[in-house]
Amino acid sequence: MPAPLKQTARRTLLVTSATLASLALTAPVSLAAPTPTPAPSPSAPVSGSPSPSGSPSASASASASTSPSATPPAKMSSLGGARLGQAGTQVQLTGGAPVLPKDITARSWIVADAQSGEVLAAHNAHWRLPPASTMKMLFADTLLPKFPKTTQYKVERADLEDLGAGSSLVGIKEGETYSVHDLWLGVFLRSGNDAVRVLSSMNGGVAETVRQMNEHAEELQALDTTVVSPDGYDAPHQVSSAYDLTLIARSGLQKKDFREYCSTLTAKFPGATTKNKKGRTVRETFEIQNTNRLLTGDYDISQYQGIAGVKNGNTTNAGATFTGVAERAGRVLLVTVMNPGKDDHNEVYKETAALFDWGFQAAGKVTPVGELVPPKGAAQASAQPGANPGEGGEAGGVGNVSEKPVAGAVAENGSGGVGIAMAITGGVIALLAGAAFLVNRRWPLPDLVRRRR
């Protein structure tokens, strides 16, 4: 059988398997991590008992809670493939494939090819867990297209009310004016819950923003996700999954601004308005740094080669969570890690790096155990006769796709800090149309840009 036909047949079987969960392979032994009680860092929100900021979606599981059990449910969603609904580690190695890292302690994780959507390996992929500030990826993917960067907004007292105790803040002040660009830098770099609340106020309020986020999650087929607080602060029934966070990141990375913000290392942020010695009114600034340690590095972890975002989080109930995207030799991988059982410093980044290393070595040497499904709109559009979702820079409702992709990936020699988010000429790879899209589920990620060396 010719190679293309083999590939199509294999992917068709993956699609079919989602509806044949009862015929899945024997489930491996479930590996449950103990419930950690990490000490939050100064840049991470601390959970408390906040008032719900919106209504959970109607599709929320009745059993979903802020503090999940220490073991995954026996049966989870099979969206993307029957094996993804099984508890435990799912991987199918072929000849020459490396074994998975042995020291991964996360409750849930996933390694996926961002371009083809193939899931190379997963562990409790659909386990609904508190997401912490990784929820801000959905917030950004929902609201980024709504306001031009240059829009100015003067902050009122009401905009900053009801922030959860211990929330991570960028330092927004009542009475000061900020651009939308400033606010998004605060969301992505400092995970500022205050920036989220101000943008939510601009969007009609927290409750309306939560409603839109839940609606967008459903459009993306992130059906494990229920939004209660737009900033990811711990709240009853607020959950997501490694599978959903990966879908959300994949959607966000189609947007030029999303790629720029999530790959930015440092930025100047507006401070207080004061008068200088000459009596002139001046606006102070201060530097903020991205809290993604695979992007910036730390004393116990190096900047990851090829990293280009995406978002981290940490709360008492969620533990540490992280979704990252990295590129090497033209291959783009997405890795999500939720709640490592080991509470070492930067453990979530160390486990993510280990899974990235495995994914780049294993790509092409494993049989995928599932796939990242496309948004509802993309699948519906591609099913229409004569549809061509690659034209116009959009694909069935997935808009704001840049024709000149921008991101900041760490070069393989580890250099960094210069030329982040520089633009290059290059077109977005067209999505496959018609029935071919439905079989292959291919939703390519625009090219990532390496930093200047």
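## A first stop: histidine 237

At 34% relative accessibility, histidine 237 counts as partly exposed. In this predicted model, histidine 237 sits in the loop that links α5 (206-219) to α6 (242-252). What is its phi? For histidine 237 the angle is near 75 degrees, a positive value in a residue other than glycine. As background, most residues other than glycine have a negative phi.

## The protein as a whole

Let us step back for a moment. The protein has 453 residues, and 57% of them are buried. Its secondary structure comes to 11 helices and 11 strands.

## Helix α2, covered along its length

Helix α2 runs over residues 136-143, and 8 of its 8 residues are buried. These are Lys136, Met137, Leu138, Phe139, Ala140, Asp141, Thr142 and Leu143.

Two of the helices that α2 packs against are worth a look in turn. With α5, α2 packs at an angle of about 95 degrees, and their axes are 9 Å apart. That angle makes α2 roughly perpendicular to α5. On the α2 side, the contact uses Leu138, Phe139, Asp141, Thr142 and Leu143, while α5 brings Thr209, Gln212, Met213, His216 and Ala217. Sorted by class, this contact of α2 with α5 has 5 nonpolar, 4 polar and 1 charged residues.

The pairing with α3 has another geometry to follow. Here α2 and α3 pack at about 155 degrees, with their axes 11 Å apart. The two helices are therefore roughly antiparallel to each other, and α2 passes α3 in a left-handed crossing. Lys136, Phe139, Ala140 and Leu143 of α2 touch Trp184, Val187 and Phe188 of α3. By class, the contact of α2 with α3 has 6 nonpolar, no polar and 1 charged residues.

## From α3 to α4

Next, follow the chain from α3 into α4. How do the axes of these two helices cross? The axes of α3 (residues 180-190) and α4 (residues 193-202) come within 8 Å and cross at roughly 135 degrees. That makes α3 oblique to α4, and their crossing is left-handed. Val180, Leu183, Trp184, Gly186 and Val187 in α3 meet Ala195, Val196, Val198, Leu199 and Met202 in α4. In class terms, the contact of α3 with α4 has 9 nonpolar, 1 polar and no charged residues.

Between α3 and α4 there is a loop, and serine 191 lies in it. Is serine 191 buried or exposed? Its relative accessible area is 2%, so serine 191 is buried. Serine 191 also has a positive phi, of about 50 degrees, although it is not a glycine.

## Alanine 158, out in a loop

Now for a residue on the outside. Alanine 158 has its place in the loop between β4 (152-154) and β5 (177-179). With 51% relative accessibility, alanine 158 counts as exposed, because the cut-off for exposed is over 50%. Which separation does it have from arginine 197? Alanine 158 and arginine 197 are 39 residues apart in sequence, and their C-alpha atoms are 9.6 Å apart in space.

## Helix α9 and its surroundings

Helix α9 (residues 347-362) has 16 residues. From its first C-alpha to its last, α9 reaches 22 Å, close to the 22 Å expected at 1.5 Å a residue. The helix is mostly covered, with 12 of its 16 residues buried. Among them are Tyr349, Leu355, Phe356, Trp358 and Phe360, as well as Glu347 and Glu351.

What covers the buried residues of α9? The covering elements include the strands β2 (106-113), β3 (118-123), β8 (307-315), β9 (319-328) and β10 (331-340), together with helix α8 (293-296). After α9 comes glycine 364, whose phi is positive, near 85 degrees.

Valine 310 lies in β8. The peptide bond that leads from glycine 309 to valine 310 is cis, with omega near 25 degrees. For context, most peptide bonds are trans.

Conventions. Residues numbered from 1 in each chain as written. Predicted model: local features only at pLDDT ≥ 70, side-chain atom pairs only at ≥ 80, totals over all residues. Heavy atoms only, no water. Axes fitted to C-alpha atoms, helices over the stretch in contact; angles between N-to-C directions. Helix = DSSP H or I, 4+ residues; strand = E, 2+ residues; numbered from the N terminus. Parallel < 35°, antiparallel > 145°, perpendicular 65-115°, else oblique. Left-handed = near helix turned anticlockwise from the far one by under 90°. Contact = heavy atoms within 4.5 Å. Nonpolar A, V, L, I, M, F, W, Y, C, P; charged D, E, K, R; others polar. Expected span 1.5 Å × (residues − 1). Buried < 20%, exposed > 50% of the residue type's maximum accessible area, 1.4 Å probe, protein only.
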